[in-house]
Amino acid sequence: MKEYKIAVVGLGAVGREMLATLERSTLPISEVVPLVRRNEGEVIEFRGQMFASKLIEKGSFKDIDIALFSAGEEASLILAPMAIEEGAVVIDNSNAFRMNADVPLVVPEVNPADAQRHNGLIANPNCSTIQMVVALKPIHDRFKIKRIVVSTYQAVSGTGYQAIDELKQQMGAFINEKEIPCNVYPHQISLNVLPHIDKFMDNGYTKEEMKMFNETKKIMGDASIQVTATTVRVPVIRCHSEAVNIETEKPMPDVAEIKEIMAQAPGVVLADDVENNIYPLALDCAGKYEVFVGRIRKDYTIENGLNMWVVSDNLLKGAALNAVQIAELLVEKDWVKPSSDKKISFAQ
Ligand SMILES: NC(=O)c1ccc[n+]([C@@H]2O[C@H](COP(=O)([O-])OP(=O)(O)OC[C@H]3O[C@@H](n4cnc5c(N)ncnc54)[C@H](OP(=O)(O)O)[C@@H]3O)[C@@H](O)[C@H]2O)c1
């Protein structure tokens with residue numbers, strides 16, 4: 001059986017989860033190559049073998065089969081074309097190429113077939129979009145979603161390891177009545193709620209909100225779905241929570257049937273028993289692979305409306321796990337080789 005040499009580019013919050021997820025996966029891996037821009041030589045134990053991190057340089061991707069990128073947009077823009085040129089297939093976690101027409105944007109539970117038409121690069125969607133489309137795809141397939149109104153409650157780990165440190169430092173400083181350090185966000189995040197994720201656009205939305213609008217259409221393969229989002233950072237370390245309201249074209253069945261659909265949906269766990277105070281909670285979902293759905297109820301203000309609460313681990317299904325699942329899909333279906341010789345247009 002062929003074994004694959006897999007590079008992990010960037011060893012931050014997502015990169016480290018990628019290594020752990022790869023280790024737990026069933027992928028046949030001959031070697032992992034952790035690639036960094038500093039701190040060369042960090043030893044990573046992987047399935048009983050030791051691999052040292054290496055500085056990225058020309059030729060780093062020469063004998064790599066699959067390169068998982070989580071080093072940020074700037075790094076991806078420069079290094080992903082180099083990796084493809086050197087023969088690796090790139091699965092990129094950044095925002096750099098998600099809306100590029102030559103690049104599939106894939107969530108394996110939703111649009112696995114899109115992965116087949118890659119030309120050396122597959123984009124991993126935005127974390128808040130991934131968990132929402134996993135939960136909504138089975139409903140869209142049956143009742144056709146016309147409009148989504150979503151408010152997110154996003155964990156600080158979505159910003160990376162520096163934001164996790166900052167939240168911890170701010171909590172310590174508050175308890176010890178010290179001055180609260182504030183470097184990562186424009187405002188204190190501990191004991192606070194910031195309606196601001198990524199930068200503001202000219203239309204008044206944040207880039208994160210526009211990612212949910214654009215990426216949902218591309219992943220679902222349906223440009224008619226309307227999405228309006230308010231994305232909010234909350235002082236939680238792991239797991240994004242979302243209040244999702246949908247309106248469908250076809251009449252929806254009663255809530256019991258929707259719950260049944262959710263219980264059967266790939267990658268979804270139904271956690272909905274309000275009589276016993278059971279609903280998805282960030283603390284419970286941290287470290288888990290699935291998307292958790294609860295608080296399902298009809299929206300009585302419109303004809304075909306539904307509300308739900310969706311929680312998932314942003315570092316796993318929102319990032320590392322989804323990327324590893326894409327790699328598993330490529331290997332399982334024998335799609336690792338690019339589908340054509342077409343060169344990706346990076347000018348888009
Ligand atoms: N966190 C999430 O929940 C999440 C979800 C979906 C997508 N993403 C995306 O995943 C990417 C990584 O996010 P993260 O949360 O892991 O951020 P992070 O914790 O800040 O880690 C980023 C890592 O990339 C490294 N890096 C930066 N430039 C590099 C370069 N040129 N070459 C090699 N390594 C480089 C950094 O190195 P230093 O340590 O030297 O600074 C750091 O270790 C981002 O594009 C982010 O948008 C994140």
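Lys2 is partly exposed, at a relative accessible area of 48% (buried is under 20%, exposed over 50%, partly exposed in between, with a 1.4 Å probe and protein chains only). This is a predicted model, where local features need pLDDT of at least 70, side-chain atom pairs count only at pLDDT 80 or more, and totals for chains, interfaces and linings use all residues. Residues are numbered from 1 along each chain as its sequence is written, and side-chain values use heavy atoms, leaving out hydrogens and water.

**Salt bridges**
- There are 16 salt bridges in the structure (a side-chain nitrogen of Lys or Arg within 4 Å of a carboxyl oxygen of Asp or Glu).
- One of them joins Asp65 to Lys2, at 3.4 Å from N to O. Asp65 sits in the loop between strands S5 and S6 and Lys2 in the segment before strand S1, so the pair ties together parts 63 residues apart in sequence (helices, H or I with at least four residues, and strands, E with at least two, are DSSP runs numbered from the N terminus).
- Arg238 and Asp313 pair up at 2.7 Å, N to O. They link loops from distant parts of the chain, 75 residues apart.
- Arg238 is partly exposed at 22% relative accessibility, while Asp313 is buried at 0%.
- Lys5, Glu31 and Asp63 form a salt-bridge network.

**Helix H4**
- The 15 residues of H4 (161-175) should span 21 Å at 1.5 Å a residue, and the end C-alpha atoms are 22 Å apart, which agrees (expected span is 1.5 Å times one less than the number of residues).
- Buried residues in H4 include Ala163, Ile164 and Leu167.
- After H4 comes Glu177, with a positive phi near 55°.
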